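Reader: I am new to this structure. Could you take one meeting of two parts, look at it closely, and then lead me on from there?

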Amino acid sequence: MKRRLTVLLTLALLFSVLPFASGAAPETGYFTDWDLVQQKAAVAMLTDLGLVSCYDDGSFQPERPVTRAEASKVIAGLLAPELTADAVCRFPDAAESWAAGYIELCAERGVISGPAGSDFRPGDAVTIRELAKMLLAVLGYDAERFTGPDWAAATDAAAAAAGLYNGDEGDKGRTASREETCLLLNNALQASVVQGFTETGEPVYHLNEMLEPKTLLEVRFEAVPVTGVVQAIAKADLRTEGEKL
């Protein structure tokens, strides 16, 4: 089923945003339990992008925990992959998982780590910090920076600096719910994509035509910075296949 996506460009923003992404959200939403969703702007954004969807009964279930397999699926969506149906997952315990292709793609891109033959634990719940670590890799950070005994502190520092934790004040070691996952993903979409670091450790960003750091929203969904235009409309065809987050 085709989903038509309307992008609103305003002078107040440096990049294109989707409806409800700037804080406004529909009064009556996309899901049967919309009134239970607290992070409406983030959930609406990820829904419009086709990265998350409802259950068979039309509900979103915002408090439901997200598994590592589900996190891999939505991260793969951010990577804009062309999945290979017969890709072999390097993690034995995920080889028969519905998310095997997503998991392998994330491993290939350095988003998740672990030697071949080790376990991925696809059915385990993902934590806020683990999700942030994956998103940092998507943004261009070297995942090796977030390994070893100090990985948690390093991840938290980088995630906070990148804005991934904006709006989240809780313990980063807790299980991520569906709407909390949307919050971090939405923050990542508005974060700057890095292409490397200087010798002193300062990030070097991809720049757009306005010489501003490119956001993941620009890079992944080809949002275009606009100046001197109050409003413009763009349409995109978004299709989702496979399991739902």
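Author: Start where two helices touch. Ala42, Val43, Met45 and Leu46 in H1 meet Glu179, Cys182, Leu183, Leu185, Asn186 and Leu189 in H6. Keep in mind that this is a predicted model. H1 covers residues 40-48, and H6 covers residues 178-189. Their axes come within 8 Å. How do the two helices lie to each other, roughly parallel or roughly perpendicular? The axes cross at roughly 75°. Angles from 65 to 115 degrees count as roughly perpendicular, so that is the word for H1 and H6.

Now to a pair of charged side chains. Glu180 forms a salt bridge with Arg174. The closest N and O atoms of Glu180 and Arg174 are 3.0 Å apart. Arg174 has a relative accessibility of 21%. Buried means under 20%, so Arg174 counts as partly exposed. Asp168, Lys172, Arg174 and Glu180 are linked in a network of salt bridges. For the model, the count of salt bridges comes to 7.

Another salt bridge joins two helices. The side chains of Glu130 and Arg68 meet at 3.8 Å, N to O. Glu130 sits in helix H4 and Arg68 in helix H2, so this pair ties together parts that are 62 residues apart in sequence. H2 runs over residues 68-78. Is Arg68 buried or exposed? Its relative accessible area is 14%, so Arg68 is buried. What does Arg68 touch, leaving aside its neighbours within four places in sequence? Its contacts are Phe120, Arg121, Pro122, Asp124, Ala125, Val126 and Glu130.

Two residues in that list also pair with each other. The side chains of Arg121 and Asp124 meet in a salt bridge, 2.9 Å from N to O. Arg121 has a relative accessible area of 40%, which makes Arg121 partly exposed. Asp124 is partly exposed too, at 33%.

Look at the backbone of Arg121 next. Most residues other than glycine have a negative phi. Arg121 is not a glycine, yet its phi is positive, near 60°. Where is Arg121 placed? Arg121 is in the loop between helix H3, residues 100-108, and H4.

Gly114 lies in the loop between H3 and H4 as well. Gly114 is partly exposed, with a relative accessible area of 31%. Which residues does Gly114 touch, not counting residues up to four places away in sequence? They are Arg90 and Phe91. In sequence, Gly114 and Arg90 are 24 residues apart. In space, their C-alpha atoms are 8.9 Å apart.

From H4, move to helix H5. The buried residues of H5 pack against H4, which covers residues 128-138. Which residues are these? In H5, Thr155, Ala158, Ala159 and Ala162 are buried. They cover an arc of only 100° around the axis, so they lie on the same side of H5. An α-helix has 3.6 residues a turn, so residues three or four places apart point the same way. Turn to the other side of H5. Here Ala153, Ala157 and Ala161 are exposed.

H5 has 12 residues, 151-162. Just after H5 comes Gly163, with a positive phi of about 90°.

End with one more loop. Leu211 lies between strand S3, residues 203-205, and helix H7, residues 216-221. Leu211 has a positive phi of about 60°, although it is not a glycine. Is Leu211 buried or exposed? Its relative accessible area is 66%, and so Leu211 is exposed.

Technical notes: Residues are numbered from 1 along each chain as its sequence is written. This is a predicted model: local features need pLDDT of at least 70, side-chain atom pairs count only at pLDDT 80 or more; totals for chains, interfaces and linings use all residues. Side-chain values use heavy atoms; hydrogens and water are left out. Helices (H or I, at least four residues) and strands (E, at least two) are DSSP runs, numbered from the N terminus. The expected span of a helix is 1.5 Å times one less than its number of residues. Buried means under 20% relative accessible area, exposed over 50%, partly exposed in between (1.4 Å probe, protein chains only). The arc is that of the directions from the helix axis to the C-beta atoms. Contact means heavy atoms within 4.5 Å. A salt bridge is a side-chain nitrogen of Lys or Arg within 4 Å of a carboxyl oxygen of Asp or Glu. Axes are lines fitted to C-alpha atoms, for helices over the stretch in contact, and angles run from 0 to 180 degrees between N-to-C directions. Angles under 35 degrees count as roughly parallel, over 145 as roughly antiparallel, 65 to 115 as roughly perpendicular and the rest as oblique.
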